Amino acid sequence: MRQKPEKSERSSLWYPLIAFLIVAGVCLAIYGTYKVRQHINYQRMIAAQKKYDEENNPVLKHERKFIKQVADPSVKLYKQDHKVLPSIVIAQAILESNWGKSKLYTEANNPFGIKGTYNGNYIMYETGEYINHKHITEKAQFRKYPDLQSAIEDHNQALYEKFLKRNDKITDYREEAKLLQKNTYATDPDYANKLIRVIKAHNLQKYDQEAMR
């Protein structure tokens with residue numbers, strides 16, 4: 001008869017402990033949910049701030065606008081003749097004209113640094129060249145175009161005939177960039193790598209994909 005109270009007493013001790021564990025578990029779950037939501041909200045806030053900064057950054061706005069100006073006609077042209085990948089056209093325009101800020105572009109609509117004349121029109125412009133592994137600056141004659149569309153079409157034909165050697169089977173911008181350097185489009189020994197880096201940094205290969213659809 002004495003053992004029954006002892007069993008009852010031990011059982012009664014478990015109830016508060018179980019209740020405590022349940023309450024603690026609920027509290028931890030609520031706290032964990034709060035921290036997760038806090039982290040998600042913080043990440044959303046950072047993403048929103050980043051998007052706002054990008055949309056209102058004048059440099060980025062200018063870069064996006066310049067890319068679009070060159071990309072639209074380049075994609076359209078590639079769909080027609082499959083000669084020069086749009087990513088290469090855009091990357092060259094960025095490198096050669098410094099995002100459309102060069103005098104050669106603003107005064108001659110020439111974003112690619114193509115020398116010579118266009119329908120008899122040209123502009124004298126300083127250019128950097130590598131001769132015997134040394135960088136020198138000299139003045140040269142560059143083609144002057146009436147508009148960007150004319151420059152892109154002329155560039156497209158010149159690259160295809162003189163530097164890509166009429167190879168219309170290239171679908172990889174890396175291969176095309178290396179072929180341009182091999183055929184001395186530019187004297188810069190790192191020219192192909194510069195094009196590739198620009199394409200990767202600004203995801204320009206997406207325009208190749210768009211043009212190939």
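Trainee: Why does Tyr-207 count as buried?

Mentor: Buried means under 20% relative accessible area, exposed means over 50%, and partly exposed lies in between, with a 1.4 Å probe and protein chains only. Tyr-207 has 14% relative accessibility, and therefore it counts as buried. Please note that this is a predicted model, in which local features need pLDDT of at least 70 and side-chain atom pairs count only at pLDDT 80 or more, while totals for chains, interfaces and linings use all residues. Residues are numbered from 1 along each chain as its sequence is written, and side-chain values use heavy atoms, with hydrogens and water left out.

Trainee: Where is Tyr-207 placed, and which residues does Tyr-207 touch?

Mentor: Tyr-207 is placed in helix H8; helices (H or I, at least four residues) and strands (E, at least two) are DSSP runs, numbered from the N terminus. Not counting residues up to four places away in sequence, Tyr-207 touches Ile-67, Ala-71, Val-75, Pro-86 and Ile-90, where contact means heavy atoms within 4.5 Å. Between the C-alpha atoms of Tyr-207 and Ser-87 there are 6.2 Å in space, although the two are 120 residues apart in sequence.

Trainee: What makes His-155 count as buried?

Mentor: Its relative accessibility is 0%, so His-155 counts as buried. His-155 belongs to helix H5 and touches Val-89, Gln-92, Phe-112, Ile-114 and Tyr-185, not counting residues up to four places away in sequence.

Trainee: Which residues have the most contacts inside the largest nonpolar core?

Mentor: They are Ile-88, Tyr-185 and Leu-204, in a core of 43 residues. A nonpolar core is a set of buried Ala, Val, Leu, Ile, Met, Phe, Trp, Tyr and Cys residues joined through side-chain atoms within 4.5 Å. The largest share of this core, 7 residues, is supplied by H2. There is also a second, separate core of 5 residues, Leu-104 and Ile-123 among them.

Trainee: Why are H2 and H5 called oblique to each other?

Mentor: Helix H2 (residues 58-81) and helix H5 (residues 148-163) pack at an angle of about 45 degrees, with their axes 10 Å apart. Axes are lines fitted to C-alpha atoms, for helices over the stretch in contact, and angles run from 0 to 180 degrees between N-to-C directions. Angles under 35 degrees count as roughly parallel, over 145 as roughly antiparallel, 65 to 115 as roughly perpendicular, and the rest as oblique. The angle of about 45 degrees falls in the rest, and H2 and H5 are therefore oblique.

Trainee: Why does His-82 count as partly exposed, and how is Asn-98 classed?

Mentor: His-82 has 37% relative accessibility, so it counts as partly exposed. Asn-98, with a relative accessible area of 45%, is therefore partly exposed.

Trainee: How many helices and strands does the protein chain have?

Mentor: The protein chain has 8 helices and 2 strands. Of its 213 residues, 34% count as buried.
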